[in-house]
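Open the model in your viewer and keep the sequence panel beside it. This tour moves from one selection to the next.

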Amino acid sequence: MLKLKQIHKIFNEGTIDEKIALDQINLTLNPGDFVTIIGSNGAGKSTMMNMISGVLTPDTGTVEIDGKIVNDLLEHRRAPMIGRVFQDPMAGTAPTMTIEENLAMAYSRNKKRTLSIGVNSKRKEMFYEYLKSLGLGLEDRLTAKVGLLSGGERQALSLLMATFTQPKVLLLDEHTAALDPARAELITQLTKSIVEKSKLTTLMVTHNMKQAIDLGNRLIMMDKGQIILDVSEKEKANLTIESLLKEFERFKGVASDRVLLG
C-alpha cells in the first residue's frame, strides 16, 4: 500500500547549515500494516511524513501509494489518498465552522466537487452515527462551532475526519503529544479501535515508548535520517520499554535521549 524507495532529502545543501534529513530510506507497508515510529528530535520522522503527504518532494527516490508513484503529485492531489492528524489539535479542523461543516469538508475530500449542499439530512444522519461511535457526546453538538471544543474533543474529531473516507494511508504525527494524559489515552484507544476496525494502513510517529509498543503490528526506530531498527510483529510481542531503550542506546551510544523517548 505504501512504498518508499531510496528516499534522499538534504536541506540547505552546500551551506554551513546543510543537513541530511533522509538518507536513502527504504520502507514498505502492506495493506493493513500499523507501524509506529520512534526516534529523537531531528531523526527524520516528520520529514518522512511530509514526504509521503506531498508537503516535501525527495531529491532522489520514489514514493508509491497503492501501486502508483506519486512524486509529481502535489499535496492537494494526494489528499484523497491520505488522512493525516497532527500534534496540534487546532491544525486538523476549522474552528469557525460547525462540527457538521467540518465533517462535510472531510467527507468531500476524495469526491468530485459539485455545487450541491455540503450538509444535508442524509449526511447529518451519517455524521451523527460516526460521532456517536466516539462516545464523547459530539453527535448532539453537530451545529456547535469547533472552536468551542476541548483539545481532546478536537483531536477526536480530527481523527474521525482523517479516517472516515477510508484513506489509502493514515499518517499520525505525534497526535496525542499535546494532550493531558487522560485525553491522550482516550485518543490512543480511539486510534486503536478505528484503525483495527477499518484495517487502515497506518504510520504513527510517537515519543511515547509504551504507546509505540502497545499499538500496531510493527515498530521502526529512526536516527539521523535512517531507519536503524525494524521490529517485526513477532518480535514486537516480546518487546519492553527497557529492551527498546537498550536498542536505542546501542545505536546512539548515549542515554540522554531517555527523556525524549519517555
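Begin with aspartate 33, which is buried because its relative accessible area is 11%, where buried means under 20% relative accessible area, exposed over 50%, and partly exposed in between (1.4 Å probe, protein chains only).

Before you go further, note how to read this tour. The model is predicted: local features need pLDDT of at least 70, side-chain atom pairs count only at pLDDT 80 or more, and totals for chains, interfaces and linings use all residues. Residues are numbered from 1 along each chain as its sequence is written, and side-chain values use heavy atoms, with hydrogens and water left out.

**Stop 1: salt bridges**

The term stands for a side-chain nitrogen of Lys or Arg within 4 Å of a carboxyl oxygen of Asp or Glu. Helices (H or I, at least four residues) and strands (E, at least two) are DSSP runs, numbered from the N terminus. Is arginine 218 buried or exposed? Arginine 218 counts as buried, at 14% relative accessibility.

Now select aspartate 66 and lysine 168. Here the salt bridge is 3.1 Å, N to O. The two lie 102 residues apart: aspartate 66 is in the loop between β4 (60–65) and β5, lysine 168 in the loop between α5 (151–163) and β7 (169–173). Aspartate 66 is partly exposed at 40% relative accessibility. Lysine 168 is also partly exposed, at 35%.

Next, pick lysine 124 and glutamate 100. Their closest N and O atoms are 3.9 Å apart, in a salt bridge. This one runs from helix α4 (residues 121–132), which holds lysine 124, to helix α3 (residues 99–107), which holds glutamate 100. The separation is 24 residues. Lysine 124 is partly exposed, with a relative accessible area of 36%, whereas glutamate 100 is buried at 10%.

**Stop 2: the open sheet**

Show the strands as a cartoon. Which order do the 4 strands of the open sheet take? Read across, the order is β2-β1-β4-β5, with antiparallel pairing. Two strands pair if DSSP finds at least two bridges between them. At the edges are β2 (19–29) and β5 (68–69), each pairing on one side only.

Select β1 (residues 2–11). It is joined to β2 by 7 bridges, and the two run antiparallel. Within that pairing, leucine 4 stands opposite leucine 27. Phenylalanine 11 has lysine 19 as its bridge partner in β2. Then turn to β4: 5 bridges join it to β1, again antiparallel. Look for lysine 5 opposite threonine 62.

**Stop 3**

Select α5. Its 13 residues should span 18 Å at 1.5 Å a residue, and its end C-alpha atoms are 18 Å apart, which agrees. The expected span is 1.5 Å times one less than the number of residues. Of those 13 residues, 12 are buried. Among them are Gly152, Glu153, Arg154 and Met161. The buried residues pack against β6 (82–85), α3, α4, β7 and α6.

Move to α3. It is mostly covered, with 7 of its 9 residues buried. Asn102 and Tyr107 are among the buried residues. The cover over them includes α4 and α5.

**Stop 3: nonpolar cores**

Show side chains for Ile99, Leu103, Phe127, Leu131, Leu134, Leu157 and Phe164. These have the most contacts inside the largest nonpolar core, which has 32 residues. Such a core is a set of buried Ala, Val, Leu, Ile, Met, Phe, Trp, Tyr and Cys residues joined through side-chain atoms within 4.5 Å. Elements giving two or more residues to this core are α3, α4, α5, β7 and α6 (181–198). The largest share, 6 residues, comes from α5.

Centre on leucine 157. Leaving out residues up to four places away in sequence, leucine 157 touches Thr93, Ile99, Leu103, Leu131, Val146 and Leu149. Contact means heavy atoms within 4.5 Å.
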